[in-house]
Amino acid sequence: MSKIAFSPADILLPFDCGLTKWAVVACDQYTSQPEYWERVDQFVGDAPSTLRLILPESKLESDNVEEEIKKINETMEQYLEEERLRPIENSFIFLERKLHNGKTRLGLVGKLDLEQYSYEKGSGTPIRATEGTVLSRIPPRMKVRKNAPIELPHIMVLIDDPDKQIIEPLQSKENRKKMQMLYSATLMEQGGRVSGYRLDQKQNDEVMDKLTKLADPQRFAQFYHAEGKPVLTFAMGDGNHSLATAKACWEELKATLPEAERETHPARYALVELVNLHDDSLEFEAIHRVLFDVDPQKLLDDFLAAYPGAHYGEGEGHVITYVHNGEKGVVTVPNPTAQLAVGTLQSFLDRYLEENGGKIDYIHGEDVVDQLTAQPNSIGFLLPSMGKDQLFPTVIFDGALPRKTFSMGEAHDKRFYLEARKIK
C-alpha cells in the first residue's frame with residue numbers, strides 16, 4: 001500500500017451517451033433556486049445522466065426522499081448492467097476545465113485513502129477538513145451513499161505547491177503526447193468545458209514521487225515553520241461533507257470486515273479531484289448568508305446585544321454588511337475573539353437559529369443575496385473573501401476554519417459529475 005494518501009484508481013467513465021446531458025453540477029449548489037434543477041431536469045429528459053445518480057441537496061428533506069434514494073440506487077445498478085459505465089484501471093485522469101470566464105483550471109482525478117483522513121477539528125491526519133464539519137449533515141447523506149454501488153465525486157482537494165511542480169507540468173506538449181484523451185465536453189448552464197486525459201504508468205509514478213516529496217516531514221516543517229506539527233498534505237477545497245460522509249460510511253462498514261479485507265475494500269477510498277492551491281484560475285470567493293423565516297430587526301438587535309460594544313456603522317474590528325428589503329447597512333464588532341468576520345457572525349447565527357428558529361442558506365454571489373432578501377422575513381449578510389495563502393497555515397496552526405468560510409469560484413464553476421468508481 002502506498003504511503004501517500006492519493007493514488008491512481010479504477011475509474012468508471014460513461015459510454016455511448018452525450019456528455020453535455022450526462023454531466024451535472026455538484027448537488028450542493030442552487031439549493032435555494034429549485035428552478036435551476038427543474039431546468040436541468042427538462043434539458044436532460046430521458047437521456048442517460050448523472051442527474052439520475054445524485055440527489056440535489058434541495059431534495060434532502062423532501063417527503064419522498066427515501067423513494068428518491070431507492071430510485072438512484074436502482075439507476076446505478078441499471079447503468080452498470082447496461083455497461084453504460086466502463087472502467088479504466090489503475091489510472092490518474094488529468095483534467096483541463098475551461099471556465100465560463102475564459103480561465104483554465106487544472107486537476108488530477110484519483111482516489112484518497114480515508115484511513116488517512118479526519119474531519120475532526122484539530123486532527124493531525126495528512127488529509128484534513130479546512131472548515132467546521134456539521135455532524136448533523138452527515139446522516140442524511142449517508143442514506144444516499146450507504147447502499148450505492150458506485151460513488152460520483154464533487155470533491156476537490158487542495159495541495160500547496162507554489163512552484164507548480166506536480167499538476168501543471170502535465171499540461172506540456174511533451175506530457176500530453178504520452179496521454180490518452182478520454183473525453184472532451186461542453187458543460188451545461190455556463191459550466192464551460194472539460195477535457196480528460198489518462199496518464200501513462202511512468203507519469204503515474206512521477207506524480208506519486210512528487211507527492212511523496214511534498215509530504216516529507218522535514219520539508220513540511222521548514223516550509224511552514226511548523227516544527228513538531230503533524231504533516232498536512234491534502235486540504236479540503238470543495239465537498240467537505242461529501243468526504244466526511246464517505247469516511248463515516250467506511251468506519252461503519254470497516255467494523256464488519258475482517259482485517260485483510262479492510263486493506264483493499266473499495267469503500268476505504270474516495271474518488272476526488274486534486275487541484276493546486278496556486279492554480280492561476282483558482283479564486284477564493286466569499287460565501288454569504290441568507291436567513292429565512294426570521295424577524296430581521298430582532299436578529300440585528302440580538303446580534304448587537306451579543307457582542308459588547310457592537311454598533312451600527314463602520315469602525316475598528318469586524319465590519320459585517322447586512323442586506324434587508326433592498327437596503328444595505330453595516331455593523332461593527334470591536335475586539336473580536338474570532339480570527340475572521342465569518343467566525344464572529346456564524347457563532348451568533350448558530351445560537352440565534354437554535355433559540356429562535358428559522359432557516360439559513362449559504363450563497364455565492366451578491367446578486368443572489370439581493371434577490372433572496374427581497375422576500376419577507378429574510379435578511380442577508382455579505383462577507384469578505386479570505387486570501388488563499390492563509391488556508392494551509394491557518395489549518396496547521398489553528399485547526400479548521402468556520403464552515404462555509406470560502407468557496408472556490410462561482411456556482412457554475414463547481415465540479416461537475418462525470419467520472420464514477422465502484423465502492424462495493
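How much space lies in the second largest cavity? The second largest cavity holds about 300 Å³ of space. The model is predicted: local features need pLDDT of at least 70, side-chain atom pairs count only at pLDDT 80 or more, and totals for chains, interfaces and linings use all residues. Residues are numbered from 1 along each chain as its sequence is written, and side-chain values use heavy atoms, with hydrogens and water left out.

A cavity is a set of points, on a 1 Å grid over the protein atoms alone, where a 1.4 Å probe fits but cannot get out; lining residues have an atom within 4 Å of a point. Grid points are joined across faces, edges and corners, and a volume is the space filled by probe spheres set on the points. The second largest cavity is lined by 25 residues, of which Asp28, Asp238, Gly239, Asn240 and Lys404 are the closest to its centre. This lining comprises 4 nonpolar, 11 polar and 10 charged residues (Ala, Val, Leu, Ile, Met, Phe, Trp, Tyr, Cys and Pro count as nonpolar, Asp, Glu, Lys and Arg as charged, and the others, Gly among them, as polar).

The structure holds 4 cavities of 30 Å³ or more. The largest cavity has a volume of about 390 Å³, and of its 23 lining residues Arg141, Val144, Arg145, Leu152 and Ser242 are the closest to its centre. By class, 15 residues of the lining of the largest cavity are nonpolar, 4 polar and 4 charged.

A search of the whole structure finds 16 aromatic pairs. Rings of Phe, Tyr and Trp (its six-membered ring) pair if their centres lie within 6.5 Å; planes under 30 degrees apart count as stacked, over 60 as edge-to-face and the rest as tilted. Trp22 and Tyr79 form a tilted pair, 5.7 Å centre to centre with 35 degrees between the planes. Both Trp22 and Tyr79 are buried (under 20% relative accessible area, with a 1.4 Å probe and protein chains only). The pair of Phe348 and Tyr352 is tilted because the ring centres are 5.7 Å apart and the planes stand at 40 degrees. At 4% relative accessibility, Phe348 counts as buried, and Tyr352 also counts as buried at 4%. Ring pairs link Phe348 and Tyr352 with Phe303, Tyr307 and Phe381 into a cluster.

Charges also sit over rings (NZ of Lys or CZ of Arg within 6 Å of the ring centre and within 35 degrees of the ring normal). The charged end of Arg86 sits over the ring of Phe15, 3.4 Å from its centre, and Arg176 lies over the face of Tyr197 at 4.6 Å from the ring centre.

Technical notes. Buried < 20%, exposed > 50% of the residue type's maximum accessible area, 1.4 Å probe, protein only. 1 Å grid on protein atoms, 1.4 Å probe; cavity = no way out; pocket = protein on both sides within 12 Å on 5 of 7 lines; lining within 4 Å.
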